[in-house]
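Hi,

Here is the structure I promised to pass on. Have a look at it first, then read my notes below.

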Amino acid sequence: MTTTVVETWTEVPLVKFIAQSSARLVVVMTPAGQVLAQHGFTKAVDLMSAAALGAAIMASSGALAQQVGEPGFAALYHAGQRHGIHLAGCETPRGRLIVLTVFGRETSIGLVQVFFDEFVSALKQAAPADQPRQPILAADFEHELNSSLASLFRR
Amino acid sequence: MSDVFQHSLDRISRVRGVQGSMFVAAEDGLAVAQLLMAGVSGKVLAAFAASLARKASGAAAATGAGKVRFVQMQAAGGVLLVALGGELLVAVVADAGVNVGLARLEMIRAVDAAAAL
Amino acid sequence: MSLVNFTTREITCKIVYYGPGRSGKTTNLQYIYGQVPEDRKGRMVSLATQTDRTLFFDFLPIDLGSISGFTTKIQLYTVPGQVYYNATRKLVLQGSDGVVFVADSQVRQLDENIESLQNLQANVLEHGIDVRTLPMVLQYNKQDLPPELILSVAELDEALNFRELRSFPADALHGAGVFETLKAVSADVLRKLSEGSQGGRRG
Amino acid sequence: MDLNPRFRFAAFVVGPSNRLACTAAQAVAQSPGSAYNPLFIYGRSGLGKTHLLHAIGFGSIERQAGLPVVYLTLEEFVGQYHAAVAAGALDAFRRGLEETHVLLLDDVQFLAKHREMQAELLRLSEAMQREGRQLVLSSDRPPAEIGELDERLISRLAGGLLVDLAAPDFETRLAILRRKADERGIAFAPGVLEAVAEAGSGNVRELVGLVNRLSAFQAVSEAPLTPAGARALLFGDDADGAAAAATPPAAPDLPPLRETPPDEFAAFLSAVTRTVAQSVDAWKSRIGEAVMRWQGEGFRTTRLEGLLQQGAMPDVDEVLQSFDDDVQTLRALAAEAGALDPAAAGHARFRDPDRLAEARGFVQKLQEGLVPPPAPIATLGLDDYVVGAANEAVVRAARLVAHEPGRRYTPLFIAGPSGVGKTHLLHAIGNALVAGGAQIVACLGAQAFIEDLLAALEAGNVESWRRRYRRADAFLLDDVQLVAGKEQTQDELFNLFNVLAEAEKQLVFAADRLPAQLSGVAARLVTRFEGGLVVELAAPDRPMRERMVRRLLAAQGVSAEDDVVEYLAARPADSARAVQGLVNRALSAVGSAEGELTVATVRTAIEGRAPRASQAQAISALIPSGLDPTLGSREKLVWDWPEIGDRLVEDLR
């Protein structure tokens, strides 16, 4: 189970979060689904669809929140038989990020939530403030999405 | 439902030295009902109480000791007590000088009352 | 899934705008949204990224009123064009009654058009639907660009239209061809319904 | 009243909602009197009924110049009728109307208010139909729903062709609006009329009103009206009628939409509606024509009309074919029924394919003539008939007859004064015969027999009446003395007697005197009555009366000592019914005295004028008695009156 990151500052907080929450899969991505760091994926295509679906779910719940007059939902918890999924967004100096966490029966949503809060605060400190993420240009949007996948799995 | 919990937590909190008591969903480690003094983090207590309970049950099962009823964790600054029921457990954080026997009695009664609902 | 409810005499049908990234699917919906009178349309939902790339879908419900005795509603969806989002694109196709394939007339986009058309058939198949039974029309968008940059309607028909579907040149940004396309696909869907034949559509 | 030139066929906008009515009207105009007579057009007000009526008038005149055509609303028709009656010129008025070749009557739903006119209209329509003159009527509801309309008038009015006018759909409304705008020479911006049609009501008159309002507004304002403005003007939500720009509130900031012609959605909408309607309407018009054809031939087409309402297209060929087959079978059945009973053939069940099973069942019954004659009353059995010395012989004969029907004594003739239980015995024998396995046992009073025959004669189906009785396995007739003086009944009875006797069927008669004393009855009948066994029922003797009293008291659940029974039995009573009266009066005494039934209380009730404490028990004129129930014949009722006389005296005291 390897942990690979596109942006190095995310690695330390991520490794600590995985150890504490004993999560099986973790994806740190932009709201567009572009992956910044991952843990537990062996195939790029699985990571891609997980990222796309995670981003889509957050987008849908955001639209739904708007319709019911909510500013936005902090976290989404999907309770499964063998797995639970925790999906939450957070604001960092490098912009809004989304974290998708899949965990098994060896831990509980309570613990994942507790350690997620710590992970977010750790990310906020670790993020290099000097160069905020430059917005993706329309033309090479697709290229940008794929480039992070390439870097995650080539290394 | 909630008044049963509140009533039980009131009785437990009357024991001298108790700083916080709460009902926790054992499976998820999420707080169900709580009565905490200032400075006690419900989320953390619930998560760890549930985790502690699960680990204790695992150990007891491994050693064939049967169902775990009560866990007491003595620490330098205080004590963590957990009474196990079915789906719900009762967690209490108290300072070192607490009358554990009395607290234990109230906690068992509380968790049995919750299980009966 | 088109719901024809004979007791309440209501028809709801789902039409999906499909096609490669940035071919103008969302622009079609935005133009339609602008034209439909207030009392005939619902809220338009756009699940998009900051750079307005469709991430999951755009959704626009329209009430067509009474057609041959049935109160008729159509739901318009668009899908994300990027290959990256295939997982979500596949979901949007679920239960669609008709498809508008929005092709990008630019020469340099021909491969993306072909790939997206094949992707459509694969995804439709995955839903257990025989693509031949699915009412579909082609829209060759961005025909307003300088001729040297784009393919002609004939060339696009040659390259993409191997099922002899009806095709419409369009300039979605300025609205040309948008309603013609919608009219063609809606008529096909409703006519198929009124003939009562459910065809290969399942679930 | 002259015809309004504006209301011609050319000016009538045809759409799916009125194609049927319009085509029928044109057919009538082409050949008045031959196609659909009468033609009845119904539909909500403002849908063009009057327009069609006038158009028929014009159409008829155009084909035959000088053809007498009259258009009247029902109110005018009633007014003219009353004026003619007042002036004593009713015949002239009637002849005038009968001369007209095409009579157009508008708003006939007001017939409900004018009952006297219904007979007049019925007479008029029969006269016109005889000479093949065309009658056209219109109303806001079908004939069956017009209040208290005479049943025959309803069937006559609906007998020709009944068509309805429905509210126009979107296309027709649009076409009407365009036609009206052209007529007034007003040009509207594209989309305005569509907007009005889209929101317009079903009523044509209202639509025309809307056009007038719009044209008036457009005449005063400089800029031509836009659809949104028209919609706002008509529904008044935005007074100045400015084109409300459609700004999408919730959507993210869209690229600025340039001002495009606003009607694109409306054009799209009507285009889609039209293309779908065409593919759908194709099968609807085929069914529409079939409806009109079959209604023209007087058949009900509810099954086909139901299909038109349905959304999805049925298998048109199969549906029409099965409807044709049903109609052919119906026609065959009607013919068969006609042979058996001419009146039955015209029945509505032969004109409704959905009632095919019923028609087939009816014809089958007709064939077997199985409309059964009246059966004996089941409650009158032989075993609860009080037997005594006076009637012992008769009862034994009755048992023998029941035992060997048709062979022992046929006919059995029972004579005896009224009230001695003849009718009870007759029905008892009837029930015994039924119990003995006789399928059809006719048992009725002569009065009913006579009335039944008269009804058959009137309806002209004496043949089926005869068959009804000749199929009987046994024929029991009460109060035979009533046939005196009625030759036709006696002839029929004579023929019936012979047929049944030949077939060794059991015949039983009862009368208040011996056959020989039946004056006014044909000799050949009297001899046949005496041909079997004549028995006489006498008044009940004392022991019989005693037994009757006990049985009656037991029936009422009252116990009484023997002395009371003796006392009652000793009272003079010449018939079972008289005994019944005595017992009832005794019972009424008990009721009032609330005590035991003692000789004293009974005696006072029967003889003395004992003061009555209260009107305890209201004695109804018809006393339900187990022994001798009231039956069809009238003289049974008279018996109860004397008692009321003295009770009235007491009340008035």
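**Two helices in chain D**

In chain D, α23(D) goes past α25(D) in a right-handed crossing. On the α23(D) side, the contact is made by Asp563(D), Val564(D), Tyr567(D) and Leu568(D). From α25(D), the partners are Val599(D), Val602(D) and Arg603(D). Sorted by type, the residues of this contact come out as five nonpolar, two charged and no polar. Keep in mind that this is a predicted model.

How do the two helices lie relative to each other? Helix α23 covers residues 562–570 and helix α25 covers residues 599–606, and their axes come within 9 Å and cross at roughly 25°. Angles under 35 degrees count as roughly parallel, so α23(D) and α25(D) are roughly parallel to each other.

**Another helix in chain D**

Which of its residues are buried? They are Phe170(D), Thr172(D), Arg173(D), Leu174(D), Ile176(D), Leu177(D) and Lys180(D). After α7(D) comes Gly185(D), with a positive phi near 65°.

**Where chain C meets chain A**

Last one: 15 residues of chain C are in contact with 19 residues of chain A. On the chain C side, β3 (45–48), β4 (54–67) and α2 (86–92) each supply at least two of the residues that touch chain A. That side of chain C divides into eight nonpolar, six polar and one charged.

Cheers

Terms used. Residues are numbered from 1 along each chain as its sequence is written. Chains are lettered from A and ligands numbered from 1 in the order in which they are written. This is a predicted model: local features need pLDDT of at least 70, side-chain atom pairs count only at pLDDT 80 or more; totals for chains, interfaces and linings use all residues. Axes are lines fitted to C-alpha atoms, for helices over the stretch in contact, and angles run from 0 to 180 degrees between N-to-C directions. Helices (H or I, at least four residues) and strands (E, at least two) are DSSP runs, numbered from the N terminus. Angles under 35 degrees count as roughly parallel, over 145 as roughly antiparallel, 65 to 115 as roughly perpendicular and the rest as oblique. A crossing is left-handed if the near helix is turned anticlockwise from the far one by less than a right angle, and right-handed if clockwise. Two residues are in contact if their C-beta atoms, placed from the backbone, lie within 7 Å. Ala, Val, Leu, Ile, Met, Phe, Trp, Tyr, Cys and Pro count as nonpolar, Asp, Glu, Lys and Arg as charged, and the others, Gly among them, as polar. A residue is buried if 20 or more other C-beta atoms lie within 10 Å of its own, exposed if 12 or fewer, and partly exposed in between; C-beta atoms are placed from the backbone.
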